Amino acid sequence: VTADEWEKYFATDEHGIVWSRGHIAMRQLRGKKAKVRRKQGEGQKPGITRAKGGKNTRGGKHIKLYFTMCNGKVHYGKCGALLPSGKYTQHAWAKVVKSIGKFARKASGAVGFARVKGIQDGLKAHWAPASRAAMVENRVTFLANFPVRSPDLNPIENLFPHLDAHLRRMQHLHGDTTEAGLMVRVNEFLAKPETAVLVRKLLRSMPARLAKCIELDGAHTGY
C-alpha cells in the first residue's frame, strides 16, 4: 500500500483526558516506558520514553473519547459501556464500528456503501463475535493480525500529544472550567487546517513505520 493510498485508510484509538478544576493533564507522562508486543504470548520489548496513561493525582473527571482519523479529517465520540479495566466490551465496540464506518466512508469519498479499511489494536473485544458481526454489517475491515500492543504502528497515537497541548494552551488563555468548554476546545483543534495537514502526514508515514518495524525485527520503531 502506497503513502497516497494510506491517506484513505482510517486509524482509530481511545484517548483519556483528565479534567480537574480547569486543569488539563496530559495522558502522556515523561519517564514512562512504552513497550511493544507484536505477537500473542510474546514478551514485551523495550520501547522509548513516551506516552502511556498516567494516574489522575488531582482528582476531577476522566473523560475518555475514541478518535478516528482519515483523509485529513478526525471524528470522535464518547466511550461508553467500558469494563472496569477501561477496555471496551465487544457489544460497546460493535456500536463504535458502525460510527467509524459511516465517518470513514464519507471522509475517504467511498462510493455508496463501499467497504473501508483501517487500523485498530489487537484488543480481544475488537475481534470478538459481536465486533466481527458489526464489521460485516457496516462493511468495515480492520487490518488482520495487527500486533497486540504496537502504539508505534498506529499513527493516531501521535495526534494525541498535539491535542493535549492545544487543550492546555486554550485552558490557560480562556480559563474554561467545564466539560462543555473542554469539548468546544476539542472541536476547535479538529477544525484547524494544521490538524488536517498533520492527519495526512501521519497516515502517509505508515509505509516507513512498517519498513522500520521489519528492519528492526519487531523492536520499537521510534515513532
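Trainee: Is Cys 79 buried or exposed?

Mentor: Burial is judged by relative accessible area: buried means under 20%, exposed over 50%, and partly exposed in between, with a 1.4 Å probe and protein chains only. Cys 79 has a relative accessible area of 14%, so the residue counts as buried. Please note that this is a predicted model, in which local features need pLDDT of at least 70, side-chain atom pairs count only at pLDDT 80 or more, and totals for chains, interfaces and linings use all residues. Residues are numbered from 1 along each chain as its sequence is written, and side-chain values use heavy atoms, with hydrogens and water left out.

Trainee: Where is Cys 79 placed, and with which residues is Cys 79 in contact?

Mentor: Helices (H or I, at least four residues) and strands (E, at least two) are DSSP runs, numbered from the N terminus. Cys 79 belongs to the loop between E4 and H2. A contact requires heavy atoms within 4.5 Å. With neighbours within four places in sequence set aside, Cys 79 touches Glu 14, Lys 64, Leu 65, Tyr 66 and Tyr 88. The C-alpha atoms of Cys 79 and Lys 64 are separated by 5.8 Å, although the two residues are 15 apart along the chain.

Trainee: How many disulfides does the structure hold?

Mentor: A disulfide is a pair of cysteine sulfur atoms within 2.5 Å. The structure holds 0 disulfides. Two further cysteines may be read for burial: Cys 70 is buried at 0% relative accessible area, and Cys 213 is buried at 11%.

Trainee: Where do Asn 71 and Asp 217 lie?

Mentor: Asn 71 is in the loop between strand E3 (61-70) and strand E4 (73-78), and is buried, with a relative accessible area of 10%. Asp 217 is in the segment after H7 and is exposed, at 64%.

Trainee: Which polar contact does the side chain of Asn 71 make with another side chain?

Mentor: A polar contact is a pair of N or O atoms within 3.5 Å; within protein, one must be able to donate a hydrogen and the other to accept it, and residues adjacent in sequence count only if both atoms are side-chain atoms. The side chain of Asn 71 makes such a contact with the side chain of Arg 200, at 3.0 Å. Beyond four places in sequence, the residues in contact with Asn 71 include Glu 7, Lys 8, Tyr 9, Ser 108 and Leu 203.

Trainee: How is the packing of two helices described?

Mentor: One gives the angle between their axes and the distance between the axes. Axes are lines fitted to C-alpha atoms, for helices over the stretch in contact, and angles run from 0 to 180 degrees between N-to-C directions. Here, helix H6 (residues 193-204) and helix H7 (residues 206-215) pack at about 35°, with axes 5 Å apart. H6 contributes Leu 202, Leu 203 and Arg 204 to the contact, and H7 contributes Met 206, Pro 207 and Arg 209.

Trainee: In which helix is Ile 100 placed, and what surrounds Ile 100?

Mentor: Ile 100 is in helix H2 (residues 90-108) and is buried, with a relative accessible area of 0%. Its contacts, apart from neighbours within four places in sequence, are Phe 10, Thr 12, Tyr 66, Thr 68 and Trp 93.

Trainee: How may the chain as a whole be summarised?

Mentor: The chain has 7 helices and 6 strands, and their order from the N terminus is α-β-β-β-β-α-β-α-β-α-α-α-α. Of its 223 residues, 48% count as buried. Among contacts between residues at least 6 apart in sequence, 73% join residues at least 24 apart.
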